[in-house]
Amino acid sequence: MKIGIYPGTFDPITHGHTDIITRSLRVFDKVMVAVAPNPTKHPLFNLAERLDMVQLVLKDIGQVEVVTFDGLLVDHVRRSGAHAIIRGLRAISDFEHEFQMALINRKLAKQVETVFLMPSEEYSYLSSTIIKDVANHGGSLTEFLHPEVARRLQARIRSVKP
Ligand code: ADP
């Protein structure tokens with residue numbers, strides 16, 4: 001059984017993430033979605049909230065396991081028995097950072113491969129950061145987020161606004 005691990009902050013999960021997970025399942029038998037605490041990114045949602053939303057959005061997609069991890073990703077990959085790291089590549093702007101990450105991970109653990117998948121065009125400009133910006137300015141989120149995730153994001157933004 002080929003297992004891929006898809007790590008990220010998922011603050012919050014968008015249709016872009018879901019698109020990559022669905023595509024991954026055409027290549028891997030199982031995908032482990034690994035939600036990272038990433039405190040240095042100052043996420044809007046805490047780890048438990050992000051995990052809960054990822055679980056909610058993916059509940060009807062088979063062969064997906066949602067986990068969390070702390071520390072080095074490659075250590076987690078080795079412990080979990082996954083065969084490859086999955087990352088999404090949007091516009092060219094993702095490339096340099098992702099290339100760097102893939103090579104450092106290979107340096108740390110040379111048997112760990114990284115696989116890149118391109119999202120559907122309609123999501124190729126979508127990021128959690130831009131969505132938080134749209135939400136902050138009262139824009140519509142229906143095309144980008146699961147309705148319950150959109151509701152929670154709007155509620156969170158209302159609660160943190162001065
Ligand atoms: P990270 O903090 O690791 O960048 P993210 O949650 O922002 O976590 O993203 C996790 C992965 O999903 C990254 O590989 C990112 O490039 C990818 N990703 C995020 N949004 C999209 C999207 N709209 N289309 C394709 N890949 C995406």
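What is the volume of the largest cavity? The structure is a predicted model, in which local features need pLDDT of at least 70 and side-chain atom pairs count only at pLDDT 80 or more, whereas totals for chains, interfaces and linings use all residues. Residues are numbered from 1 along each chain as its sequence is written, and side-chain values use heavy atoms, with hydrogens and water left out.

The largest cavity has a volume of about 50 Å³, where a cavity is a set of points on a 1 Å grid over the protein atoms alone at which a 1.4 Å probe fits but cannot get out, and lining residues have an atom within 4 Å of a point; grid points are joined across faces, edges and corners, and the volume is the space filled by probe spheres set on the points. Strand E4 (84-88), helix H4 (93-108) and E5 each give two or more residues to its lining, helices (H or I, at least four residues) and strands (E, at least two) being DSSP runs numbered from the N terminus. The largest share, four residues, comes from H4. Among the lining residues are Pro 7, Arg 87, Glu 98 and Phe 116.

An open sheet of five strands is arranged in the order E3-E2-E1-E4-E5 with parallel pairing, two strands being paired if DSSP finds at least two bridges between them. Strand E3 (64-68) and strand E5 (113-117) stand at the edges with a single partner strand each, so one side of each is left without a neighbour in the sheet. Strand E1 (residues 3-8) runs parallel to strand E2 (residues 30-35) and is joined to it by six bridges, and Gly 8 has Val 35 as its bridge partner in E2.

Conventions:
On a 1 Å grid over the protein atoms alone, a cavity is a set of points where a 1.4 Å probe fits but cannot get out, and a pocket is an open set with protein on both sides within 12 Å along at least five of seven lines; lining residues have an atom within 4 Å of a point.
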